[in-house]
Amino acid sequence: MYDSDDDMDKILHKSMRIGIGVDEDELYDIKGWGKGIRICMIITSFLTIAISLANMIITSSSSTRCIAIYMIAISILFVLYEVAFTSCASQIAINFGFLYNTKFRMVLMCSMGWMCYGFEFYGSIPCFSLIGMGCLHGYVGFIHPQYEIYMKKSHGGNTNINTNTNTNTNANANKYKY
């Protein structure tokens, strides 16, 4: 059907560009950043979970325990988002769609890091790693504006996230009207 493997590669590269509007070099950079951020975020989330659990055990303050529970819940959400299991990727996209916005992720991670700084037991470790990850998200979102769209399309495959701002976003909302 195709004359050579090069023709097939051109078609595959063209299909990868559809929807995010970047060339092959930028797509390669975005994929590299995406993979690196994904690995670092999983490590940072597990580190935050471990430090939060340790603070829940050590501290006697109920407010610190509440913050630790919040940190654990958000870190678990980050792990599920980054691992992108197909069974839960669509639910994350529907219920926690704000995770696909790099600016919001940057603000969320920096505020989580600020809250971690108040932990008694090694709180500065997740603090600086979360603030660093937040700044990294801001940097990648700035140098590659199409990074958000790439993440939307790469997480879970068929999560039905609307990446085109010109289409009707309420198409499924009318389905469930009473």
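Q: In which helix does R105 have its place?
A: The place of R105 is in helix α5, where helices (H or I, at least four residues) and strands (E, at least two) are DSSP runs numbered from the N terminus. This is a predicted model, in which local features need pLDDT of at least 70 and side-chain atom pairs count only at pLDDT 80 or more, whereas totals for chains, interfaces and linings use all residues. Residues are numbered from 1 along each chain as its sequence is written, and side-chain values use heavy atoms, with hydrogens and water left out.

Q: Is R105 buried or exposed, and which residues is it in contact with?
A: Burial is read from relative accessible area: under 20% is buried, over 50% exposed, and in between partly exposed (1.4 Å probe, protein chains only). R105 has a relative accessible area of 2% and is therefore buried. Contact means heavy atoms within 4.5 Å, and, leaving aside neighbours within four places in sequence, R105 is in contact with M41, F78, Y81, E82, F98, L99 and H137.

Q: How is the packing of α2 and α3 to be read, and at what angle do their axes cross?
A: Axes are lines fitted to C-alpha atoms, for helices over the stretch in contact, with angles from 0 to 180 degrees between N-to-C directions. The axes of α2 and α3 come within 9 Å and cross at roughly 155°, and the two helices are therefore roughly antiparallel (over 145 degrees; under 35 counts as roughly parallel, 65 to 115 as roughly perpendicular and the rest as oblique). Their crossing is left-handed, that is, the near helix is turned anticlockwise from the far one by less than a right angle, clockwise being right-handed. The residues of this contact divide into 14 nonpolar, four polar and three charged, where Ala, Val, Leu, Ile, Met, Phe, Trp, Tyr, Cys and Pro count as nonpolar, Asp, Glu, Lys and Arg as charged, and the others, Gly among them, as polar. One of the α3 residues that meet α2 is S75, which counts as buried because its relative accessibility is 1%. Not counting residues up to four places away in sequence, S75 touches S45, T48, I49 and M112.

Q: How do α2 and α6 pack, and what classes of residue make up their contact?
A: The axes of α2 and α6 are 10 Å apart and the helices pack at an angle of about 160°, so they too are roughly antiparallel to each other. The α2 side of the contact includes W33 and M41, and the α6 side includes H137 and Y139. By class, the contact has 14 nonpolar, four polar and no charged residues.

Q: How many aromatic pairs does the structure hold, and how is one described?
A: A pair of aromatic rings is described by the distance of the centres and the angle of the planes. Rings of Phe, Tyr and Trp (its six-membered ring) pair if their centres lie within 6.5 Å, with planes under 30 degrees apart counted as stacked, over 60 as edge-to-face and the rest as tilted. The structure holds five aromatic pairs. The rings of W33 and Y139 have centres 5.7 Å apart and planes at 70°, so this pair is edge-to-face. Because W33 lies in helix α2 and Y139 in helix α6, the pair ties together parts that are 106 residues apart in sequence. F98 and F104 also form an edge-to-face pair, 5.0 Å centre to centre with 75° between the planes, and ring pairs link F96, F98 and F104 into a cluster.
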